[in-house]
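Subject: Structure to look at, with notes

Dear colleague,

Here is the structure I promised to pass on to you, and my notes follow it. Please keep the structure open while you read, so that you can look up each part as it comes.

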Amino acid sequence: VQLQASGGGLVQHGGSLRLSCAASGVIFRVDYMGWYRQAPGKQRELVAGISSHSDTDYADSVQGRFTISRDNAKNMVYLQMNSLKPEDTAVYYCNADVKETRFNSPKNYWGQGTLVTVSS
């Protein structure tokens, strides 16, 4: 299973970006999907998560500005980021729990990361 993230880039303070992440490979079902970020010199932190039933949770720092969504038919997760701030600058990683067959327990996978830079 591979997770491929895309959509990062350079944006001005107050701007918007949309990140996408596609899960591919041998997949029976994708359960929890999430976005994490890691800024220079800081630990990786959860930004937003979404269950297979589309229940969502957000870090306090992005609540009201970011929206996570998913397309179960395409095994994709999205992160719409609005009102971006310089402190949102980080490498963003997608994460997912994937069942490869109906008999296996879910395994956790990480994408390769996509850089988001917000200029002041």
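Two strands are said to pair if DSSP finds at least two bridges between them, and the strands themselves are DSSP runs (E, at least two residues, while helices are H or I, at least four residues), numbered from the N terminus. This is a predicted model, in which local features need pLDDT of at least 70 and side-chain atom pairs count only at pLDDT 80 or more, whereas totals for chains, interfaces and linings use all residues. Residues are numbered from 1 along each chain as its sequence is written, and side-chain values use heavy atoms, with hydrogens and water left out.

**The open sheet**

An open sheet of four strands can be followed in the order β1-β3-β8-β7, with antiparallel pairing. Its edge strands are β1 and β7 (residues 66–71), each of which pairs on one side only. From one strand to the next the twist averages 15°, where axes are lines fitted to C-alpha atoms (for helices over the stretch in contact) and angles run from 0 to 180 degrees between N-to-C directions.

Strand β1 (residues 2–6) runs antiparallel to strand β3 (residues 17–24), and five bridges join the two. On the other pairing to look at, β3 meets strand β8 (residues 76–81) in the antiparallel sense over six bridges. Leu 19, in turn, stands opposite Leu 79 in β8.

**Strand β9 and its partners**

Which strands does β9 pair with? Eight bridges join β9 to β4, and these two strands run antiparallel; within that pairing, Met 33 has Ala 96 in β9 as its bridge partner. With β10, β9 pairs in the antiparallel sense over four bridges, and there the bridge partner of Asp 97 is Asn 108 in β10. Three bridges join β9 to β11, again antiparallel, with Ala 90 opposite Val 116 in β11.

Strand β9 is mostly covered, as eight of its 10 residues are buried (buried means under 20% relative accessible area, exposed over 50%, and partly exposed in between, with a 1.4 Å probe and protein chains only).

**The nonpolar core**

A nonpolar core is a set of buried Ala, Val, Leu, Ile, Met, Phe, Trp, Tyr and Cys residues joined through side-chain atoms within 4.5 Å. The largest one here has 31 residues, of which Trp 35, Val 47, Phe 66, Ile 68, Leu 79, Met 81 and Tyr 92 touch the most other members. At least two residues of this core come from each of β1, β3, β4 (29–38), β5 (45–50), β7, β8, β9 (90–99) and β11 (114–119), and the largest share, five residues, comes from β9. In soluble globular proteins, nonpolar side chains tend to be buried together.

**Aromatic rings and charges**

Rings of Phe, Tyr and Trp (its six-membered ring) pair if their centres lie within 6.5 Å, and planes under 30 degrees apart count as stacked, over 60 as edge-to-face and the rest as tilted. By this rule there are two aromatic pairs. In one of them, Tyr 36 and Trp 110 are edge-to-face, at 4.9 Å centre to centre and with 65° between the planes. Because Tyr 36 lies in strand β4 and Trp 110 in strand β10 (residues 107–110), the pair ties together parts that are 74 residues apart in sequence.

Tyr 93 and Trp 110 have ring centres 6.4 Å apart and planes at 85°, so this pair is edge-to-face too. Here Tyr 93 lies in β9 and Trp 110 in β10, so the parts tied together are 17 residues apart in sequence. Is Tyr 93 buried or exposed? At 14% relative accessibility Tyr 93 counts as buried, whereas Trp 110, with a relative accessible area of 39%, is partly exposed.

A charge sits over a ring if NZ of Lys or CZ of Arg is within 6 Å of the ring centre and within 35 degrees of the ring normal. Arg 44 lies over the face of Tyr 93, at 3.8 Å from the ring centre, and the charged end of Arg 18 sits over the ring of Tyr 78, 4.1 Å from its centre.

With best wishes
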